[in-house]
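Trainee: Hi, could you walk me through this structure? I'd like to take it piece by piece.
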Amino acid sequence: YNQRQNQAAVTWANEQIPTEATVYTFGITLIMQHESTPPAQVYEIYYETPETLAAKWTPGRDDYLLLNVWNIENQWPGLAPQIVYHWLRDERGLTELGKHGNYTLFQVDG
């Protein structure tokens with residue numbers, strides 16, 4: 001069930017995200033990498049830090065973030081996924097584009 005739900009969220013998100021965009025995800029990164037056409041730059045936020053995010057940031061270019069906000073806030077407090085989510089929200093700014101199941105797609109402001 002979860003696999004189908006995750007697949008559906010990725011399919012939906014890919015319809016909203018411009019091709020060759022940079023996308024940050026949590027927990028569904030492999031599905032996103034496999035399903036993106038052409039392959040987007042997809043990063044797993046578990047492995048990111050504010051420093052790596054700042055290094056990847058191209059000012060003026062919007063990126064995208066797809067994740068389960070409840071999961072990040074309630075199961076990862078003070079840990080990498082929440083730290084990265086908060087950095088993207090507070091330092092770059094997030095615009096919610098929509099929700100599919102448990103996942104929210106954000107545009108990360110450039």
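Trainee: Which charged end sits over the ring of Tyr85?
Mentor: That is Arg89, 5.8 Å from the ring centre. A charge sits over a ring if NZ of Lys or CZ of Arg is within 6 Å of the ring centre and within 35 degrees of the ring normal. Lys56 also lies over a ring face, that of Tyr43, at 4.6 Å from the centre.
Trainee: Before we go on, what kind of model is this?
Mentor: It is a predicted model, numbered from 1 along each chain as its sequence is written, where local features need pLDDT of at least 70 and side-chain atom pairs count only at pLDDT 80 or more. Totals for chains, interfaces and linings use all residues, and side-chain values use heavy atoms, with hydrogens and water left out.
Trainee: Thanks! How many aromatic pairs are there?
Mentor: The whole structure has 6; rings of Phe, Tyr and Trp (its six-membered ring) pair if their centres lie within 6.5 Å, with planes under 30 degrees apart counted as stacked, over 60 as edge-to-face and the rest as tilted. Tyr46 and Trp76 have ring centres 5.8 Å apart and planes at 75°, so they are edge-to-face. These two are 30 residues apart in the chain.
Trainee: Which cluster are they in?
Mentor: One aromatic cluster holds Phe26, Tyr46, Tyr47 and Trp76.
Trainee: New topic: how many residues are in the largest nonpolar core?
Mentor: There are 16, and Ala13, Tyr64 and Leu66 are among those with the most contacts inside it. Such a core is a set of buried Ala, Val, Leu, Ile, Met, Phe, Trp, Tyr and Cys residues joined through side-chain atoms within 4.5 Å. Buried means under 20% relative accessible area, exposed over 50%, and partly exposed in between (1.4 Å probe, protein chains only).
Trainee: And which helix gives the largest share?
Mentor: H1 does, with 4 residues. Helices (H or I, at least four residues) and strands (E, at least two) are DSSP runs, numbered from the N terminus.
Trainee: Why is S3 described as largely enclosed?
Mentor: Because 5 of its 5 residues are buried, S3 is largely enclosed by the rest of the structure. Asp63, Leu65 and Leu67 cover one side, Tyr64 and Leu66 the other.
Trainee: What does S3 pair with?
Mentor: S1 pairs with S3 in the parallel sense over 3 bridges, while S5 runs antiparallel to S3, joined by 5 bridges. Two strands pair if DSSP finds at least two bridges between them. Val23 has Tyr64 as its bridge partner, and Leu65 stands opposite Phe106.
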